[in-house]
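Here is a short report on one protein chain. Look at the rings and the core first, then at the confidence values.

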Amino acid sequence: MPASEFGRWIGSNRMLICPLCKKQVVKFHKRSHLIPEWMYTECYDENHKILEVSRLKEKVVKKQKGIYGSFMCEACEEETQKYDHYASLILTGRSPNSDEYISVKKKYFCGNYKEKKEGNAEFGKWENINFRKFQKFIFSIVLRTHFAGKIEGPISLNKKHLEGISAIYRDELNLDDSSYPILITKYSKNDKLKNHVILPYINKQEGHHIIEFTGGGYLFNVYVSSHSKPKFVNSLRLKSDGSMHLIIMFFQETGLFEKMKTLVNTLRNFSRFT
């Protein structure tokens, strides 16, 4: 349900309900990011333009900034910015001397992975992540996109799972890492197609509903299925002890690339007229 349906006037006080914190507020923040701006950095051309692609509408437009909306309160905007900033420090090498970047221990190795068609896959094991900040970063992108009415896909985020993700997000003491497990793929550093951003999109894969989005050279998957999760999900997911395993692949090797192939002609046709 978009924030416009959450936000309603209450009596003579003319208050709004923030869909993220559920508190009464006078107004919503005017320009809240759906995806943090740092995730778009490598996508801009020399004129600071990016191509925005809609998977459902197969439409391409040029933009100067990421996608914004007015759908949550000022306090929630400030809070989500803290999680966005933390993620930018540990996921990129832009601030290699920061305490956050240094504190995360990263090791890489090769092994077998059923989704990789040829040869061994490269994995990363990261430890000492601030679990709550990082989980909140990922959940907040899902919730922001939903409340802005911008989440796409053939499947909707139903009320049960929306409330489940929201409850974990709001509860500081909740260290639940298994109800909505998070898997992260890091694109190979030599991948020429890694610099793109895809808004959260709900799809179905092997009987499980998955919210997937990309940005900053990473692919994020959040499992929202009520079924028992596959064994590999439980092994690789972000865990409450601050550890996770990343799969390192080229974009072309992911299932998401196969789904996006239908947009190639749209991009080619767009480029003819720009």
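Are Tyr 187 and Phe 251 buried or exposed? Both Tyr 187 and Phe 251 are buried. Keep in mind that this is a predicted model.

## Overall make-up

The chain has 274 residues, and buried residues make up 49% of them. Its secondary structure comes to eight helices and 13 strands.

Take the contacts between residues at least 6 apart in sequence: 66% of them join residues at least 24 apart.

## Aromatic pairs

A pair of aromatic rings is described by the distance of the centres and the angle of the planes. A search of the whole structure finds eight aromatic pairs. One of them is Phe 134 with Phe 137, a stacked pair. Their centres are 5.9 Å apart, with 20° between the planes. Both residues lie in helix α4, which spans residues 131–147. They are three residues apart, about one turn of the helix. Phe 134 and Phe 137 are both buried.

The pair of Tyr 187 and Phe 251 is edge-to-face, because the planes stand at 80° with the ring centres 5.6 Å apart. Tyr 187 belongs to strand β9 (residues 182–187). Phe 251 sits in the loop between β13 (244–249) and α7 (255–260). The pair therefore ties together parts that are 64 residues apart in sequence.

Ring pairs also build a cluster. Its members are Trp 38, Phe 134, Phe 137, Phe 213, Tyr 218 and Phe 220.

## Charges over rings

The charged end of Arg 31 sits over the ring of Tyr 68, 3.8 Å from the ring centre. The charged end of Lys 106 sits over the ring of Trp 126, and here the distance to the centre is 4.1 Å.

## Nonpolar cores

Which residues touch the most other members of the largest nonpolar core? They are Leu 91, Phe 134 and Phe 137, in a core of 54 residues. Several elements each supply at least two residues of this core, including α2 (74–91), α5 (159–170), β10 (198–205) and β11 (208–215). Helix α4 gives the largest share, nine residues.

Phe 134 shows how this packing looks from one side chain's residue. Beyond its neighbours within four places in sequence, Phe 134 is in contact with Tyr 86, Ala 87, Ile 90, Leu 91, Ile 129, Ile 184, Leu 238 and Met 244. There is also a second, separate core of ten residues. Among them are Phe 123, Phe 232, Leu 236 and Met 249.

## Cysteines

How many disulfides does a search of the whole structure find? The search finds zero. Cys 73 is in no disulfide. Its nearest cysteine sulfur is that of Cys 76, 3.6 Å away, whereas a disulfide needs the sulfur atoms within 2.5 Å. Cys 73 has a relative accessible area of 4%, so it counts as buried.

## Confidence

The mean pLDDT of the chain is 84. Of its residues, 80% reach 70 or more. Over residues 8–12 the pLDDT is below 50, and this stretch has nine contacts in the model beyond near neighbours in sequence. Residues 270–274 also stay under 50. For them the model has five contacts beyond four places in sequence. Where pLDDT is low, the predicted coordinates should not be read in detail.

Technical notes: Residues are numbered from 1 along each chain as its sequence is written. Side-chain values use heavy atoms; hydrogens and water are left out. Rings of Phe, Tyr and Trp (its six-membered ring) pair if their centres lie within 6.5 Å; planes under 30 degrees apart count as stacked, over 60 as edge-to-face and the rest as tilted. Helices (H or I, at least four residues) and strands (E, at least two) are DSSP runs, numbered from the N terminus. Buried means under 20% relative accessible area, exposed over 50%, partly exposed in between (1.4 Å probe, protein chains only). A charge sits over a ring if NZ of Lys or CZ of Arg is within 6 Å of the ring centre and within 35 degrees of the ring normal. pLDDT is the predictor's confidence in each residue, from 0 to 100. Contact means heavy atoms within 4.5 Å. A nonpolar core is a set of buried Ala, Val, Leu, Ile, Met, Phe, Trp, Tyr and Cys residues joined through side-chain atoms within 4.5 Å.
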